[in-house]
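My notes follow the order in which I went through them.

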Amino acid sequence: MPSAVTGILCLVIFVPLRLCAQATPAQDSLQNQISQRLSEKYIRDMGNRSAEYQNKIQESTDKYLDKLKNQELILKQQLSKINTDEANRIFEGTEHIYSKLQNDLNTDADNVLKSCGKYVPGIDSAITSLKFLQNSPVSDKITNNIAQVKGAMSKVKSLEDQFKKADNVEEFIKQREEYLKAQLSSYQLPGLQQYNQQAAYYAQQVNELKEAWGDPSHAEQKAISLLNKLPAFQEFMKKNSAIAGLFNLPDDYATSGLSGLQTKDQVQKLMQESMKMMGPNGAQTAQQSIGDAQTSLSSLRDKLNRGSSELAMPPGQGNDQHTRSFLKRITYGIDVQSTRSNVYFPSQTAFALTAGYKINERNTIGIGLSYTVGWGKDIQHVHITNQGIGFRSFGDFKIIGSLYATGGFEYNYAYPFISVRQLEVSGLWQKSGLIGITKMVSIRSNMVKKTKLQLLWNFLSYYQVPQTQPFIFRVGYNIN
């Protein structure tokens with residue numbers, strides 16, 4: 001997660017500034033220490049990461065614009081079967097509209113670089129740190145090639161432009177959605193839902209990239225943390241924050257009055273006079289109005305945080321995992337199952353490592369590998385042995401809330417073994433078929449995200465020799 005320093009930097013806007021103040025001997029020592037720890041790796045990583053994200057956004061934009069254009073052509077074909085004239089009128093120039101937008105994106109036209117949409121955390125802090133390294137006395141001690149800093153800064157600015165393009169593409173898609181919805185309201189065309197679905201996928205993909213960029217790498221966190229130890233950098237932040245830029249606050253704003261701005265007492269007096277004019281219940285009415293205003297502001301803030309448009313997924317449509325990469329859809333877990341020899345002491349415990357693939361937010365399928373260790377007879381006779389090994393497959397399918405239906409197939413070697421060669425005896429492997437209920441419990445931990453409580457019925461246990469217990473209770477932990 002971003003450090004507190006990174007969080008602060010993500011809320012401020014910086015401009016270039018050459019620091020000319022003379023440093024004290026203590027500051028010189030601190031700068032020397034920081035310059036030794038701030039290597040070229042940070043500058044190189046920042047440039048490479050910016051270029052990587054720029055390519056990802058560009059590829060996603062090209063892919064989804066092609067899909068949306070093709071989906072409009074499908075809509076035209078569907079409508080042509082009902083009303084050819086309307087189809088020609090509604091979709092006149094569709095290919096030209098999309099081609100022009102893609103050309104504007106490739107040529108960096110002004111209309112696709114206008115500022116709009118969600119503020120992207122980390123862009124300003126990245127540009128600021130690089131400008132500071134370029135213009136401050138620290139720069140001479142960090143790198144002999146200042147061109148590397150300029151190159152990294154250029155890539156970060158290109159990424160900033162790419163985010164602006166994506167926001168404007170979202171706005172374009174929103175307008176097309178509204179146009180198609182209005183024009184096709186009297187027709188039940190299945191292709192319209194598919195169009196809305198692809199539009200929502202694009203917005204989801206862009207937002208995921210924005211969030212991923214806002215989570216800095218270890219090198220970036222370390223660099224920002226070290227820079228923040230410099231008084232000059234702290235002063236640089238304070239004088240160039242967003243609030244200072246908006247209101248042009250003087251350096252001594254905390255102790256001096258601001259010409260043209262009302263004082264706290266003046267505001268309170270004005271509010272009291274206004275409430276008197278509202279009648280006997282003026283204070284209550286004003287409080288209600290303030291509450292309504294806060295609700296409206298919260299709603300507006302949520303909309304802004306979601307991005308420049310509201311490309312909502314059609315009800316019951318789409319897959320919220322669709323835009324995530326394969327690795328990001330993998331969840332890892334640990335299962336534990338014990339068999340007791342007496343009231344207190346377990347005779348053996350089966351540990352399993354699992355990897356599940358999220359089909360969507362509700363359903364997961366996966367595989368696992370289990371190992372059973374024996375503990376001996378009791379606490380006075382502890383003896384660790386290899387008691388078994390197994391392979392698992394499973395599926396968790398959400399029913400309601402935190403309850404899931406669980407099923408799976410397992411292939412277990414449930415006998416003590418000393419060498420791997422013993423596992424080659426096929427007649428000793430047992431098949432298990434499991435169905436049951438899983439309860440997911442969310443917990444607050446940096447490593448473990450959820451606890452799985454499972455009650456399973458092995459419906460093949462009755463055919464096993466020797467017969468195993470039909471009902472199994474397991475505790476599992478999702479570690480990501």
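I began with E7 and strand E8 (residues 471–478), which pair in the antiparallel sense over eight bridges; I count two strands as paired if DSSP finds at least two bridges between them, and helices (H or I, at least four residues) and strands (E, at least two) are DSSP runs numbered from the N terminus. Within this pair, threonine 451 stands opposite tyrosine 477 in E8.

This is a predicted model, in which I take local features at pLDDT of at least 70 and side-chain atom pairs only at pLDDT 80 or more, while totals for chains, interfaces and linings use all residues. Residues are numbered from 1 along each chain as its sequence is written, and side-chain values use heavy atoms, with hydrogens and water left out.

I then turned to E4 and strand E5 (residues 403–413), an antiparallel pair with eleven bridges, where aspartate 396 has threonine 406 in E5 as its bridge partner. Their hairpin has two residues between the strands, and glycine 401 there takes a positive phi near 60°.

Last, I checked what leucine 79 touches: leaving out residues up to four places away in sequence, I noted Thr84, Glu86, Ala87, Ile90, Phe91, Leu184, Tyr187 and Leu189, contact being heavy atoms within 4.5 Å.
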